[in-house]
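Thank you all for coming; I would like to walk you through one structure this morning, beginning with the ligand and ending with a few backbone details. Please have a look at the sequence and the model before I start.

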Amino acid sequence: MKTAIFPGSFDPFTLGHLDVLHSALQLFDKVIVAVGYNSSKSGFFPPKTRVEIIRQAVSGIPNVEVCSYTGLTVDLCKEKDVKFIVRGLRTTTDFELESVIAQANRKMEGDILSVFIPAGHEYSFISSTVVRDVIVNGGDASSFLPEGVDIEPFIKARK
Ligand code: ADP
């Protein structure tokens, strides 16, 4: 059974993330979507909410687990006995950042491999930052979010 971890802030999970997840499921038998959070930085949505949004987004998609973690992604990989990390690439800037992280992870854990998946062209402009900007300015972010995600209660809970 080949399993990968797809780590990220997912603040919140978008259609772009979902596209990467679908691609990853073509390569791996199981994908663990892992919300990474830093206990000293609060983020836009709390980690529990981010997990809940992902659960709504992936409901009905088999072979997906959702969890949250703090600390190093390679430590989560060891804990879950997973050898592959999936990340999405939108731009050359993403590539530059991601390759540095991948090299650092590989230096720490030589047998953990990062797999980069290019963004689908229709989703490449979507980011959690754009979604947050739309939300704070009172816009409708639903066209950036996976079907089945009901973001309104989570927005209200922030207020
Ligand atoms: P992080 O803060 O760890 O970069 P993000 O939630 O912003 O977390 O992104 C998680 C992963 O998803 C990253 O690899 C990022 O490059 C990728 N990603 C984000 N948006 C898209 C998108 N629209 N298409 C493809 N990959 C994306």
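This is a predicted model: local features need pLDDT of at least 70, side-chain atom pairs count only at pLDDT 80 or more; totals for chains, interfaces and linings use all residues.

**The ligand and its surroundings**

An oxygen atom of the ligand sits 2.8 Å from a polar backbone atom of Phe10, and I count that as a polar contact, by which I mean a pair of N or O atoms within 3.5 Å, where within protein one must be able to donate a hydrogen and the other to accept it, and residues adjacent in sequence count only if both atoms are side-chain atoms. The protein covers 84% of the 550 Å² of accessible area that the ligand has on its own, with areas taken from the Shrake-Rupley method with a 1.4 Å probe, and for residues only the protein chains shown count as cover.

Residues are numbered from 1 along each chain as its sequence is written, and side-chain values use heavy atoms, with hydrogens and water left out.

Which residues come nearest? Among the 16 residues around the ligand, they are Ser9, Phe10, Gly88, Tyr123 and Ile126, where being near requires a heavy atom within 4 Å. As for the elements, β1 (3–8), α1 (15–27), β4 (84–89) and α4 (92–108) each supply at least two residues of this shell; helices (H or I, at least four residues) and strands (E, at least two) are DSSP runs, numbered from the N terminus.

**The loop between β5 and α5**

Ile126 belongs to the loop between β5 (113–118) and α5 (128–136), and with a relative accessible area of 5% Ile126 is buried; buried means under 20%, exposed over 50%, and partly exposed in between, with a 1.4 Å probe and protein chains only. Ser127 is placed in that loop between β5 and α5 too, and Ser127 is likewise buried, at 16%. The side chain of Ser127 reaches the backbone nitrogen of Val130 at 3.1 Å.

**The cysteines**

How many disulfides does the structure hold? There are zero, taking a disulfide as a pair of cysteine sulfur atoms within 2.5 Å. Cys67 is in no disulfide, and the nearest cysteine sulfur, in Cys77, is 10 Å away, so the sulfur of Cys77 is too far from that of Cys67 for a bond. Are these two cysteines buried or exposed? Cys67 is buried at 12% relative accessibility, and Cys77 is buried at 0%.

**Backbone details**

Asp11 and Pro12 are joined by a cis peptide bond, with omega about 5°, and Pro12 lies in the loop between β1 and α1. Asn63, although not a glycine, has a positive phi of about 70°; Asn63 lies in the loop between α2 (47–58) and β3 (64–69), and is partly exposed at 45% relative accessible area. Asp81, again not a glycine, has a positive phi of about 55°; Asp81 is found in the loop between α3 (73–80) and β4, and at 61% relative accessibility Asp81 counts as exposed.
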